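These are my notebook entries on one protein model, written down in the order in which I looked things up.

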Amino acid sequence: MTSTTLPDARWLHAIAAAAFLAASLPQAALNAQGLESPETVDRIVGSQISEEQAKTTAEIGKVSSAIDRTRDNIGTVRKTSKLDKVDIVFLTDAARSEGGPPPVIENKVRQHQDDVAELRKEIEANALLFNAIDSRRVAAQDVLAVAFDDPGKIIIYAAAKPSD
């Protein structure tokens, strides 16, 4: 094969792939499900999702420790594809509408800002975790930290209030 035929073959592969994707999209749209029903969320996430509300002052030690472990937890989030339980802890007094996290937590987030930003991107890229927080109307930018306490369980600390 000469070097002039290689680009032609690559174009053919690219065109074939694009045609396949274009043909698949209408069917994918028909199969798409909304996240309105708890049953749908449970099927997609495949994990029990629980939530609790807490004051940041009551959880400050756990949240600080989880923020300190963010670098280590990024890889775990990236590899997570199945969990038994997702626990979302709403730190209601740390929500943006309440002025944001208290200074101690805000400083801790600032110290680890690159890691926290990467953690949020990994959560958005992880279908299980993204759908879990999205089903509770938590934005990734409100996630302060995660903790893996027991095998198969994640705790997500969010500076947010639950939706009504």
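**Entry 1: ground rules.** I call a residue buried when its relative accessible area is under 20%, exposed when it is over 50%, and partly exposed in between, using a 1.4 Å probe and protein chains only. I note that this is a predicted model, in which local features need pLDDT of at least 70 and side-chain atom pairs count only at pLDDT 80 or more, while totals for chains, interfaces and linings use all residues. Residues are numbered from 1 along each chain as its sequence is written, and side-chain values use heavy atoms, with hydrogens and water left out.

**Entry 2: overall layout.** I took helices (H or I, at least four residues) and strands (E, at least two) as DSSP runs, numbered from the N terminus. The protein has seven helices and four strands, and along the sequence they follow the pattern α-α-β-α-α-β-α-α-α-β-β. Of its 164 residues, 38% count as buried. With contact meaning heavy atoms within 4.5 Å, residues 24 or more positions apart account for 77% of the contacts that have a separation of 6 or more.

**Entry 3: the sheet.** I counted two strands as paired if DSSP finds at least two bridges between them. In what order do the four strands of the open sheet lie? The order is β1-β2-β4-β3, and the pairing is mixed. The edge strands are β1 and β3 (143-147), each of which pairs on one side only. For directions I used axes, lines fitted to C-alpha atoms (for helices over the stretch in contact), with angles running from 0 to 180 degrees between N-to-C directions. Neighbouring strands of this sheet are turned by 20° against each other on average, direction ignored. Helix α3 packs on the sheet and touches β1, β2, β3 and β4, and its direction makes about 70° with that of β3.

**Entry 4: strand β2 and its partners.** I then followed β2 (residues 85-91), where six of the seven residues are buried. Strand β1 (residues 48-54) runs parallel to β2 and is joined to it by seven bridges; Ala 54, for example, stands opposite Leu 91. Strand β4 (residues 153-158) also pairs with β2 in the parallel sense, over six bridges. Within that pairing, Val 89 has Tyr 157 as its bridge partner, and Phe 90 has Ala 158.

Entry 5: Leaving aside neighbours within four places in sequence, Gln 48 is in contact with Asp 84, Lys 85 and Val 86.

Is Ser 50 buried or exposed? Ser 50, also in β1, has a relative accessible area of 17% and therefore counts as buried. I looked for polar contacts, that is, pairs of N or O atoms within 3.5 Å, where within protein one atom must be able to donate a hydrogen and the other to accept it, and residues adjacent in sequence count only if both atoms are side-chain atoms. The side chain of Ser 50 makes one with the side chain of Asp 87, at 3.2 Å. Beyond four places in sequence, the contacts of Ser 50 are Lys 85, Val 86, Asp 87 and Ile 88.

**Entry 6: helix α3 against helix α5.** Helix α3 (residues 56-68) and helix α5 (residues 103-111) pack at an angle of about 10°, with their axes 10 Å apart. Because angles under 35 degrees count as roughly parallel, I recorded α3 as roughly parallel to α5. From α3 the contact takes Thr 56, Ile 60, Val 63, Ser 64, Ile 67 and Asp 68, and from α5 it takes Val 104, Ile 105, Lys 108 and Val 109.

**Entry 7: helix α7 and what follows.** In helix α7 (residues 127-135) I found Leu 128, Leu 129, Asn 131, Ala 132, Ile 133 and Ser 135 buried. Asn 126 caps the N-terminal end of α7, with a side-chain oxygen lying 3.0 Å from the backbone nitrogen of Leu 128. Arg 137 lies in the loop between α7 and β3, and Arg 137 is exposed, with a relative accessible area of 58%. Its phi is positive, about 60°, although Arg 137 is not a glycine.

How values were computed: Parallel < 35°, antiparallel > 145°, perpendicular 65-115°, else oblique.
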